[in-house]
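Me: Hi, I'm new to this one. Could you walk me through it?

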Amino acid sequence: MIRYIARRLILLGPLLLGITFVSWAAIQLAPGSSDYFQSLVLQYPQISPQRIAALRAEFGMDQPPLVQYLHWLWSIVHLNFGYSFAYNVPVAWLIGSRALNTLLLSVTSLVVAWALALPLGIYSAVHQYSALDGALSAAAFVAISVPSFFSALLLLYAAFWTHLLPLQGLTSVDFDFLPWWDKILDVARHLVLPTIALGVFSVGGLMRYMRTNLLDVLRSDYLQTARAKGLPERAVIFRHGVRNAINPLVTLFGFELGGLLSGAAFVENVLGYPGLGRLVLEAVLKRDVFVVMGSLLMGSVLLILGNLTADIMLAYVDPRIRYD
Amino acid sequence: MSQDAAAAPRVSASPERAGRSRTPLQLAWRRLRRYRLAVVGGVTLVCLYAAMVLAPFLAPYALDYSDRSLFYAPPVGVHLIDARGRLHLRPFVYAYRVVDASLPAYAPDTSRTYDIRFFVHGAPYRLLWLVPSDIHLLGVDSPARLFLLGTDQFGRDLLSRLLYGSAVSLLIGILVVLITFPIGMILGGIAGYYGGIIDNVIMRSVEVLAAFPSFYLLLTLASVLPPTLSSGARLFMISAVFSFVGWGGLARVLRGIVLGIRDVEFVLAARAAGLPDLRVIVRHVLPTTASYVIVAATLTIPGVILGESGLSFLGLGVQEPSTSWGLLLAQAQSIEALTQFPWLLIPGLLIVIAVLAFNFLGDGVRDALDPRQRVA
Amino acid sequence: MRGSALIALVTLVAAAFGLPGVGAATAPHPSLPGLPDPKVMTGQPGRYGGVFLDSQQSDPSTFNPILANSTSSTGPLANVFDGLVEANGKTTDIEPGLAESWTVSKDGRTWTFTLRQGLQWADGAPVTADDVLFTFQVVYDKRIPNSAADVLKVAGQPIEVTKVNARTVQFHTAEPFGPFLREIGNASLIPQHVLRKAYDAGQFNQTWGVNTPPSQIVGTGPYKITEYRPAQRIVYDRNPHYWKVDMRGQRLPYIDHIVLTIVPNQNALRLLFQGGQADSYGVRPAEYAEFARGARAGNYTVYDGGPSFGSEFLTFNQNTASGMPGYKLRWFQAQKFRQAVSYAIDRQAIINQVYAGHAVPEYGPESPADKFFFDPHTMQYPYNLQKAAAVLAEAGFKKGTDGVLRDADGHAVQFVITTNADNPDRVAIGNIIRQDLTALGMQVTFAPEAFNTLVAKLTDSFKWEALVLGLTGGIEPADGQNVWKSSGSLHMWYPRQAKPATPWEAEIDRYFDLAATTVDQNRRRDYYNQWQEIVAEQVPLIYTAIPHAYVAVRNKFGNIEFTAFGGPFWNFPVIYIK
């Protein structure tokens, strides 16, 4: 097990190298497109070409692309993510100021989605073809068929008309003056909308998976044996069925994390959540290269670690799986 | 984005009732029930694709037609009884009357009725780029307008634009499948069949791709597309971007399947017969993965449709004057749209319907092809 | 309009000759301990306290006023920093700011400013002439890319700044400099005692970034930043050392805190206002009718600022380096061709569809919002397809029986209009123009594209044919010299010319240079009138329509004096919460 984890961690290096190279290449691909500095001239007509060239040189962007990449790589090795063109502050600070918020939202939605999806999926499987199963299945199908920006928009307007929940941000204006329990409550209230918008999509998918897996397990021979031994149906379902049905879902965990990071970009933009997605979208559009690279790297590391965690968890919950 | 999320076989009765006998009628009812949603999905898709092909004929107006005086006009009312209470045999509409151009507000001008006519001559077009014609299914005489779903900011007919835009939304999924699947199948097949270094190289590149937050990669790639592309080429490039991001998952699964069967007798036999490797892979190994591939294909398409709508929503997808459902929906992202011009949300509804239909169909196909679940 | 222009003129001239204290008309003159001569702001006596809820789209990119160059950064800093002089939001005149008075020498090249006595930075340190010297040393430092340096150059030379005594500084320009006062006011004073160390260490470009603890950011403005949460909000507290007082001599500002909420899009700004979490909202013309209807229920007032400064235009590429075939270049270089296009644009349709009727047609480069420099007598191009066709015929273009317009050599008139796809107004205008030109028989493709691509074409590859674009303008035409002078890098139709390609471009260059080196505002206006008339005749930029600016403001404030130039909050320090 330890050897397996060590091998995966060693592989991380080349993997990240590949990822950063592909991202860099993707950014350089843009034919006939301006860089960040060129577009300053429209934002600020008085700026002279000399100023633009000076700015570009300051960030080392007057070098050939490959040299730029190697420079960047060299500083990454020293844990220096470079400076943002647009903000003139270290990229690490920019990402750091938002990464925690995105993580908070992702984890909350993940927990909520699983907490909702598992019981609903179990109910659906156990009461297959009941009216409620039909309704839940239909709802799950609709949930996975609505674009996340669309559901976020609709939620935003719902919150606007009902005046029940805050529309924007993560904290209230008077956050700093609140006692600690009100702070928690305040953040929780702000999290409701983005969590629903982001979680709903996962709930639909997870629920369908849980239902299918449980149905498969319930039909399996060993459960028939358990039944034949005279175990009560409740015990059959929960002690044997559900435990075995959950195992394959664990692999989904890593995949889910990546999906949430992507989905968060839309939700953050529509609901004004102060996360990484907003930063990345803005940086991509402005061609703030180091910020894009840094965030991609961050996202990839998160995703890989998520996958690794899932694999390790799987080894623990499923005794049949052995790495090496 | 959702291709894997729709695993839902409609399987047999729940176990506690499995032993009981059933009348033939009950069995038939259950079989019908099992595939009903898939049939609904399939029929919906046939209708959508038929409408896409016949778009120029079905659309009352051309893609680019606009009536400048009637921007943000609500859907026209189709009537049978006129303002004086007389019943008409033909359905008719009233012309719009501008009440306040700055809101804008319109009312029907009930002084005259305009019959809806069938097979009218209108803007010329070529059906399937071949058959020239100028016959449109429906039309009304000027100055009345047949804006059945209202108009957008420029006074363009939403129904016509939905019909024309369906080409992008409905074809992009298929295009992506056509690009992704051969690549994914061949690479997955090769990796599984040969193993060793080849396997390692292919699987590591798959991991690089899988380790990207795919949406950010999509965003980056889409934002570097050359803008001078024609709308057709752009559609193809966007498909290529989706394919680049998407082929890895398929290759990985196929590799696993191939790994499991490469030492099965019929493969060994084919190899022993001296067939070249590629032929063995394509002719004998890959066909065994067909059922998985078909299901995966049906469930990939809705994900791509959602992805395209997201890109267009952010302004990185298809661009004016050609259109897609995602781009049409992007017009509805302001509050005015929701409160004053709610008909602009219809493209969103169509996206949901198309994705839902593909998911239903994929679900049914999965059931039908999965041998484990063939329980009468 | 004439009347107000005249008043503006008189006061501008007065200001130019150093008559101080325009705002301080009331006697007796109030004073504060340690600050004998504060600036007095007129208005009802107000109440202290309360919070102003502000909002803006996107984060500031820096807290360093010298490096800030986009509105998302300059906006949040406007309350924190001041210049030597400032523009009055009502009269648009230049008034004393940190400097209580100034004089100009006879040759118009030496300006002497005297700072108010007892001025303090927000941390209590005194403001001295050394701070002024330091500010301009930074501005003119070649290692520090800032926008003020480009504007504050006269005949290519930096302005010389010298210290006379602790409260007096002298500015010396190589030639007389017309826009001197306005431009000098735009330069925010920065504290030497805080920033000198970083500057000497070559770290200035990294100082006062958005990662700086807010308490380190020290200005002279009415507020200081106390908290910044990225992508969420900026919080301000009142500056206890501010140098303005109300008419009773009480120190301003009245309002204790400002909370500036940062949101990702226009939609969110609007929701924030309607949900009561912001006190003002820039109403788009298309939303005006709806907002006006909801004013009573929402307890707000919608102010009509009249025509705004920015506007959208169509322009054709006249650059010989554009790689276009020669015949195309000849169409676009033909004045008649451009005039015909201008006649063919249905500006009323643009006004109706894009701006919901709340806009005025525009034909020249200066907005009527600029009451002083706007020239109402320029050539106009009302929508007239016959006229357009006639003008085209004069230039040898003919419409064939197939409906296709061809030039004298038989080339079909075919071109591509582009714009940036992320701006819905421009996309809409482009669509309308395309349809209008199609009616003349031109075969026009409209292909909006990504902003970055457009910029690259505009400034680098020049491979474009026609484009729809907009620039935000201001009150001072000299700020547009990068656009209008033939050597300018934003002289879009043919940038960075070694020498003017056409006689009319040479004329414009001449008038811009003349106006820049003239201090007499009256004569400057004559020069700029000439420029406006040339542009309207030659139509290198074909203007469309200029929308009205509306602002909705919650009815909870006292002393609001809305003007088109200054908006509702130009006198923010005296505004109080009722």
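Predicted model: local features only at pLDDT ≥ 70, side-chain atom pairs only at ≥ 80, totals over all residues.

Me: Let's start with chain B. How many helices and strands does the secondary structure of chain B come to?

Reply: Chain B has 12 helices and 5 strands. Helices (H or I, at least four residues) and strands (E, at least two) are DSSP runs, numbered from the N terminus.

Me: And what percentage of chain B do buried residues make up?

Reply: Buried residues account for 47% of its 376 residues. A residue is buried if 20 or more other C-beta atoms lie within 10 Å of its own, exposed if 12 or fewer, and partly exposed in between, with C-beta atoms placed from the backbone. As for contacts in chain B between residues at least 6 apart in sequence, 70% join residues at least 24 apart. Two residues are in contact if their C-beta atoms, placed from the backbone, lie within 7 Å.

Me: Which residues touch the most other members of the largest nonpolar core?

Reply: A:Ala152 and A:Met210 do, in a core of 352 residues. Helix H3 (residues 158-194) of chain B gives the largest share of this core, 17 residues. A nonpolar core is a set of buried Ala, Val, Leu, Ile, Met, Phe, Trp, Tyr and Cys residues joined through C-beta atoms within 7 Å.

Me: What does A:Met210 touch?

Reply: Leaving out residues up to four places away in sequence, A:Met210 touches A:Ala117, A:Leu118, A:Gly121, A:Ile122, A:Ala245 and A:Leu249.

Me: New topic: how many residues does the contact take from chain A and from chain C?

Reply: Chain A puts in 38 residues and chain C 44 residues. On the chain A side, helix H2 (40-43), helix H3 (49-58) and helix H5 (91-126) are the elements that give two or more residues. H3(A) gives the most to that side, with 5 residues. By class, the chain A side has 17 nonpolar, 15 polar and 6 charged residues. Here Ala, Val, Leu, Ile, Met, Phe, Trp, Tyr, Cys and Pro count as nonpolar, Asp, Glu, Lys and Arg as charged, and the others, Gly among them, as polar.

Me: Is A:Arg98 buried or exposed?

Reply: A:Arg98 is buried, because 22 other C-beta atoms lie within 10 Å. A:Arg98 sits in helix H5 of chain A. Not counting residues up to four places away in sequence, A:Arg98 touches A:Pro274, A:Gly275, A:Leu276, A:Leu279, C:Pro230 and C:Ala231.

Me: How do H5(A) and H11(A) pack?

Reply: H5(A) and helix H11 (residues 276-286) of chain A have axes 8 Å apart, at an angle of about 135 degrees. That makes H5(A) oblique to H11(A). Axes are lines fitted to C-alpha atoms, for helices over the stretch in contact, and angles run from 0 to 180 degrees between N-to-C directions. Angles under 35 degrees count as roughly parallel, over 145 as roughly antiparallel, 65 to 115 as roughly perpendicular and the rest as oblique.

Me: What about H10(C) and H12(C), at what angle do they cross?

Reply: Helix H10 (residues 335-344) and helix H12 (residues 385-394) of chain C cross at roughly 170 degrees, and their axes come within 8 Å. H10(C) is therefore roughly antiparallel to H12(C). The residues of this contact include C:Tyr343 of H10(C) and C:Val391 of H12(C). They divide into 7 nonpolar, 1 polar and 3 charged.

Me: Why is H11(C) described as largely enclosed?

Reply: Because 8 of the 9 residues of helix H11 (residues 347-355) of chain C are buried. What covers these buried residues includes strand S18 (359-361), helix H13 (424-439) and strand S25 (545-554) of chain C. C:Ala356 follows H11(C), and its phi is positive, near 50 degrees.

Me: Last one: what follows H17(C)?

Reply: C:Val539 does, with a positive phi near 35 degrees. Among the buried residues of H17(C) are C:Tyr528 and C:Trp531.

Conventions. Residues numbered from 1 in each chain as written. Chains lettered and ligands numbered in written order.
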